[in-house]
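Take the points in order and find each piece as you go.

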Amino acid sequence: MSERIDVLIIGAGPAGVAAGIGARREGAERVVVLERDWDLGGILQQCIHPGFGLRTFKEELTGPEYMHRFIQQAHEAGVEFRTNTMVFQIDRENNTVWTMNKERGIEALNPSAIVLTMGCRERPLGAIRIPGTRPAGIYTAGTAQRFVNMEGYMPGKRAVILGSGDIGLIMARRMIWEGASVEGVYEVMSWPGGLRRNIAQCLDDYGIPFHLKTTVTRIHGQDRLEGVTVAQVDDYMTPIAGTERYVECDTLLLAIGLIPENELSRMAGVDIHPVTGGPVVNDLLQTSNPAIFAAGNVVIVYDLVDNVSDEGLIAGANAAKFAAGKITSAMRIPVKGGENVRLYSPQFVTGEADSTIFMRVTHPVETACRVFAVTDDGTELYSQRLRYARPGEMNEVRIKADKVKASPNISNITIDIQPV
Amino acid sequence: MSEERKFICVSCPLGCGLTVTLDDAGEVVSVEGNTCARGASYARSEVKDPRRVFASTVRVKGGKLPVCPVRSKTPAPKGKLFDITRAVAALEVEAPVKIGQVLIHNVCGTDADIVASRDLEAV
């Protein structure tokens with residue numbers, strides 16, 4: 001007979017810690033957060049630069065400072081944490097969660113509700129095919145970030161960064177501050193992956209060259225990386241002959257995207273969205289398995305940790321409601337993405353509470369445009385004017401519950417961004 | 001003759017494009033492109049006395065991690081950042097470290113303190 005747990009949360013990063021707080025505030029008796037690391041905070045432990053929490057705390061904190069505040073709130077709220085604990089299986093038949101811990105051994109937990117908050121992983125070198133050798137000196141930007149910021153190692157002296165995701169931009173500045181040189185940042189797309197302010201404060205401030213529509217086409221070096229060939233690409237991302245250039249470097253950092261980490265979600269049998277790579281969820285952040293909720297970068301990769309924490313609070317609160325028998329409904333009105341929508345979450349709206357749908361455009365719109373939501377019967381649920389819309393910056397569609405309730409015959413909702 | 005300077009605001013994730021107009025004496029005449037008051041004050045500071053928050057690590061003796069993250073509590077003059085990197089690199093502290101603990105007062109003669117940005121227990 002296993003112990004009674006109302007809400008069990010997997011992962012103590014920003015989403016999981018917030019989910020714990022949300023569940024306790026909603027009245028769940030026993031809320032346990034499992035964490036495989038010895039310490040709480042997830043990836044924000046290594047994000048030591050400022051830029052977090054402006055919306056939540058009205059000041060810019062570093063990652064560890066941001067988590068410190070949330071962890072304190074969680075302790076005050078009575079959330080239980082179990083560190084050094086790995087979840088290695090979730091049985092889909094009865095939602096049994098199997099955990100492993102040095103002191104406690106192997107345990108089977110049967111919580112009333114589960115919140116998945118495992119976050120995401122970086123796309124590795126294997127995800128893009130670069131010809132050439134495979135020497136030492138090639139890291140994902142986040143691995144290098146962990147080396148420098150938590151383990152006290154420098155990955156190299158002369159770096160090239162492939163991809164312009166925020167972690168890569170932040171690491172460019174970090175390498176410079178630690179005395180290395182950064183030869184350039186190369187982005188295959190014609191727009192930056194990261195925020196404009198990070199281009200300004202991490203690259204422009206230090207004169208680091210930033211090349212759009214350019215990629216690494218060959219890796220050189222036997223034991224240690226000696227250099228890379230870079231080339232410009234055409235509109236179909238094919239390298240243009242004659243534009244190749246050799247760049248000497250001993251380190252190549254990859255900032256080429258993040259993928260939600262859903263091995264456990266798949267075991268648990270929840271539906272995974274083919275585009276987001278995360279669980280399909282409704283606006284309660286409930287998955288296709290009604291007892292399992294999900295929040296944060298495990299669902300869709302967000303720009304801001306403030307959003308991750310907000311979603312964690314919502315998922316935790318709804319998991320607590322489910323554990324108390326106050327929610328049953330699974331998925332309800334499907335949301336469809338319009339022409340210029342690459343991905344979005346949640347994919348269903350219940351209308352039980354006001355909700356936010358987060359989305360990214362496929363192509364940048366550099367003119368005035370509007371983001372909107374419209375039902376199949378033509379009712380406009382939301383419309384907001386924007387000065388621009390860019391793939392690197394998420395847009396929000398806010399849906400009011402009473403507007404959904406006022407139209408009981410809706411069979412779907414379309415969201416999109418169009419020029420005005 | 002007035003001068004126009006254009007740059008991206010780094011005060012928040014929006015990253016507004018700012019245009020600052022200066023008169024002959026180098027005084028700010030106007031700020032355009034900002035969407036909030038933080039942006040206006042960033043623009044003024046950026047042309048007169050550019051500053052950045054500095055964040056790095058210091059070596060730790062006897063801690064659960066070999067390094068502890070630190071930051072400048074307030075933005076430090078941009079021109080002093082490389083001096084500050086060297087001062088911070090030279091520092092080693094003993095565990096335990098408390099979040100907010102001042103590790104260097106007025107680093108490199110600036111008005112900014114270097115403080116720890118996490119708790120770090122001793123082993």
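1. Start with the open sheet in chain A: five strands in the order β11-β18-β12-β13-β14, with parallel pairing. Strands here are DSSP runs (E, at least two residues) and helices are too (H or I, at least four), numbered from the N terminus. Two strands pair if DSSP finds at least two bridges between them. β11 (138-140) and β14 (210-211) of chain A are at the edges with a single partner strand each, so each has one side without a neighbour in the sheet.

2. Before going on, keep in mind that this is a predicted model: local features need pLDDT of at least 70, side-chain atom pairs count only at pLDDT 80 or more, and totals for chains, interfaces and linings use all residues. Residues are numbered from 1 along each chain as its sequence is written, while chains are lettered from A and ligands numbered from 1 in the order in which they are written.

3. What joins β11(A) to β18 (residues 251-254) of chain A? Three bridges do, and the two strands run parallel. Look for Tyr139(A), which sits opposite Leu253(A) in β18(A).

4. Now the helices. Helix α4 (residues 141-151) of chain A lies across β11 and β18 of chain A, at about 90 degrees to β11(A). Helix α5 (residues 166-177) of chain A also packs on the sheet, touching β12 (158-162), β13 (181-186) and β18 of chain A, and its direction makes about 165 degrees with that of β13(A). Angles run from 0 to 180 degrees between N-to-C directions, with axes fitted to C-alpha atoms, for helices over the stretch in contact.

5. Zoom out to the domains, whose bounds come from an automatic or database assignment. Chain A has domain 1 (1-122 + 258-331), domain 2 (125-256) and domain 3 (332-420). The C-alpha centres of domain 1 and domain 2 of chain A are 32 Å apart. Five residues of domain 1 of chain A are in contact with seven of domain 2 of chain A; contact is C-beta atoms, placed from the backbone, within 7 Å.

6. Chain B splits into domain 1 (3-48) and domain 2 (55-116). Their C-alpha centres lie 29 Å apart.

7. Last, Ala294(A). Leaving aside neighbours within four places in sequence, its contacts include Val115(A), Leu116(A), Pro279(A) and Ala315(A).

Conventions. Contact = placed C-beta atoms within 7 Å.
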